[in-house]
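Thanks for coming. I will go through one model today, chain by chain. Please have a look at it first.

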Amino acid sequence: MINLTSVNKSYRQGNGKYQVLYDVNLKVKSGEFVAIMGPSGSGKSTLIDIIGFLDQNFEGSYIFNETVVSDLSRRDHAKLRNRSVGFVFQNFKLINNQNVGENVGLPLLYAGVKRHDIHVRVNKVLDQVGLTDSYYKMPKNLSGGQQQRVAIARAIVAKPSFLVADEPTGALDSETSKEIIKLFKELNQNGTTVILVTHDEKVASQARRLIKILDGRIQSDEEITNEDL
Amino acid sequence: MRIYELFVSALRSLWANKRRSILTMLGIIIGIAAVITILSLGDGVRIETLKSLQADSSGQQSSEINFSKAYNPDSSNEISGFNDNDIKMVQNNSKVVKAKIQSGYKGIISGPGKINGKNVMGIIYLTTKPNHEYLIAGRGISKNDLLNNNPVALISKSIAKKGYVSPKNAINAGIELNGVSYTIAGVIEDEAELKEYQNYDVVVPKKFYMNNGADIPHDSMKLTFVKGADVSKETRAIVQDLNKKGSQHGNGSYDFMDMGDILKGASDTIKAVTYFVVAIASISLFIAGIGVMNMMYISVSERTQEIGIRMAVGATQHQILWQFLIEAIILTLTGGMIGYLSGIGLAKIISSFLPFKAIVTFSTFLLAFGTSTIIGLIFGILPAKTASNKNLIEILR
């Protein structure tokens, strides 16, 4: 599904260039649960931005389901983002003056779904993430864990091909983190591809495949076989 | 994304900053209200002026055709320029409601005369009352003269001199007016005038003058038209007809005072003044527009996170651009409509203290609608562009 071939990414800094990713090759099949691990500044966030269609500025080729992502116009790139990926951020990124339901329904709004259908779908997804009857609550009245559930609901509401999570437990305590990871696992078991970035071993160990990244290069890429829960 | 949703979300974010939105709107409201008030009052003045120039006191549209006799030394008599046939002809025009022959006589007519064998053209004041004004020699026309139908006349100093060398000699001498002899009772100043604008040099009793075969010439025709007729055009056509087929077309010419040109001039002047004042009032609209721009820039920078989130879930640049643009337009359009209504209200209130009515035309509505939309577009596009051009990665980090 995801096929990155020799992806390089560098930022301009003054007169010089600062390279973040070196020759990254990565393939992710549908249904996988991948954890990308690395210390701060290793380039893992940059990589996930590219995979999650947030960043189009890179060298190399990214083919997603036979679509050459780097060739897309900005508009088509946005459309692909809308339809094919769900993004979960470390600090939730909810619109604070809109209620939970509207936050979750946002991707469907941009996909042009009818208001009534959005409402129905949003309630269903809120059930799925364990937030039944929260449609009209405001994000600021929810706990961190609940806010992240809202963000996850928003990420999966449009039934994307895969889910990308950038440090989804970074702002949560360990108990809540466990619940969120559990939720990701459930989603994965129901067939959703999940790619998450973390620097937390415990979180990474829950995935089925672990990619370690350091200084912009992939160090290791291995299956995880432990099945402890 | 549906356009309807764009409007909903724009309204919500304006509502979220009620105070700021209303204050920004206030600028537009004041600007549009000022422009609409001035325009409606200006239109009111213009229409009122046109009406009063075009219609008589009863509000009817009318015009007047005059006949002027060509100079003809052989025929000394005044002739009537119009007769019944002329009226019939004029009434064939379907726009004419009423045609009436009238005399241009306002107490003074001109008539040929002879004094001591010399021809004179006298401007004759036909008096119905005793007259002693401007007298320099002899006596005036007395009550008895009027009662007894005495053929007496007062003549001016210069006519007296022409006939009898000195005013004194002229007293009790004779003058022939319209073929009838009068006794010169007195001599008046050359500067004698009636109501300060009509000079005259002969005064005779009206009754005697009329009884002796003199005719007050009917030299004008008053036409009354149906409402809404182009008076100037119709009258011109009638005058042309009269000049071809009128009863006296051989002896003179028919013409009329074309009010059209005067009306147009007056109307243009009022319009120009109105537009000038509107132009000044529009400065406030410009300032209000800058206020909108300012608010939109603040809004964009405050909502950077929101823009990032929207883009991250798949909003295109276009959709972000339109979201902010529509916010700006809703702001100015709502302001414009409120301003339009307050402008009308204001104009009505003001005109209730003035002798004319404010006139609200549909075009002023379109103007308010169009102007406020355009202000929203012009002053909203730059902030909206700023919003849509933000770098997604930079916002989200």
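In what order do the strands of the open sheet of six strands in chain A stand? The order is β6-β7-β8-β3-β9-β10, and the pairing is mixed. Before I go on, some housekeeping. This is a predicted model, where local features need pLDDT of at least 70, side-chain atom pairs count only at pLDDT 80 or more, and totals for chains, interfaces and linings use all residues. Residues are numbered from 1 along each chain as its sequence is written, chains are lettered from A and ligands numbered from 1 in the order in which they are written, and side-chain values use heavy atoms, with hydrogens and water left out.

Some terms, then. Helices (H or I, at least four residues) and strands (E, at least two) are DSSP runs, numbered from the N terminus. Two strands pair if DSSP finds at least two bridges between them.

Back to the sheet in chain A. At its edges stand β6 (85-88) and β10 (217-223); each has a single partner strand, so one side of each is left without a neighbour in the sheet. From one strand to the next, the twist averages 15 degrees. For angles, axes are lines fitted to C-alpha atoms, for helices over the stretch in contact, and the angles run from 0 to 180 degrees between N-to-C directions.

Gly86(A) has Leu163(A) as its bridge partner in β7(A), and Val88(A) stands opposite Ala165(A). Are the residues of β6(A) buried or exposed? Val85(A) and Phe87(A) point one way, Gly86(A) and Val88(A) the other, and all are buried. Buried means under 20% relative accessible area, exposed over 50%, and partly exposed in between, with a 1.4 Å probe and protein chains only.

Helix α1 (residues 44-51) of chain A lies across β3 (33-37), β6, β7, β8 (193-198) and β9 (209-214), at about 155 degrees to β8(A). Helix α2 (residues 74-84) of chain A touches β6 and β7, and its direction makes about 80 degrees with that of β6(A). Contact, throughout, means heavy atoms within 4.5 Å.

Elsewhere in chain A, helix α4 (residues 115-128) holds Val125(A). Val125(A) is buried, with a relative accessible area of 0%. Neighbours within four places in sequence aside, Val125(A) is in contact with Ala153(A), Ile156(A) and Val157(A). The C-alpha atoms of Val125(A) and Ile156(A) are separated by 7.6 Å, although the two residues are 31 apart along the chain.

Next, the cores. A nonpolar core is a set of buried Ala, Val, Leu, Ile, Met, Phe, Trp, Tyr and Cys residues joined through side-chain atoms within 4.5 Å. The largest one has 117 residues, and those with the most contacts inside it are Tyr62(A), Phe162(A) and Phe184(A). Its largest share, eleven residues, comes from helix α11 (residues 317-351) of chain B. Another core lies apart from it, with 23 residues, including Val120(B) and Phe208(B). As for Phe184(A), residues up to four places away not counted, it touches Phe33(A), Val88(A), Ile152(A), Leu163(A), Ala165(A), Pro168(A), Val194(A) and Leu196(A).

That leaves chain B. It has 13 helices and 13 strands. Its radius of gyration, taken over C-alpha atoms, is 37 Å, well over the 21 Å that the globule rule gives for 397 residues, so chain B is more spread out than a compact globule. That rule is 2.2 Å times the number of residues to the power 0.38. The C-alpha trace spans about 120 × 45 × 30 Å along its principal axes. Buried residues make up 46% of the chain.

How is chain B divided? There is domain 1 (3-52 + 263-396), domain 2 (59-103 + 218-257) and domain 3 (108-211), with bounds from an automatic or database domain assignment. The centres of domain 2 and domain 3 of chain B, over C-alpha atoms, are separated by 32 Å.

Last item: chain B also has an open sheet of four strands, β2-β12-β1-β13, with antiparallel pairing. Its edge strands, β2 (96-102) and β13 (252-256), each pair on one side only. Five bridges pair β1 (residues 62-69) of chain B with β13(B), and Asn66(B) has Asp255(B) as its bridge partner. Helix α8 (residues 231-245) of chain B packs on this sheet, touching β1, β2, β12 and β13, at about 175 degrees to β13(B).
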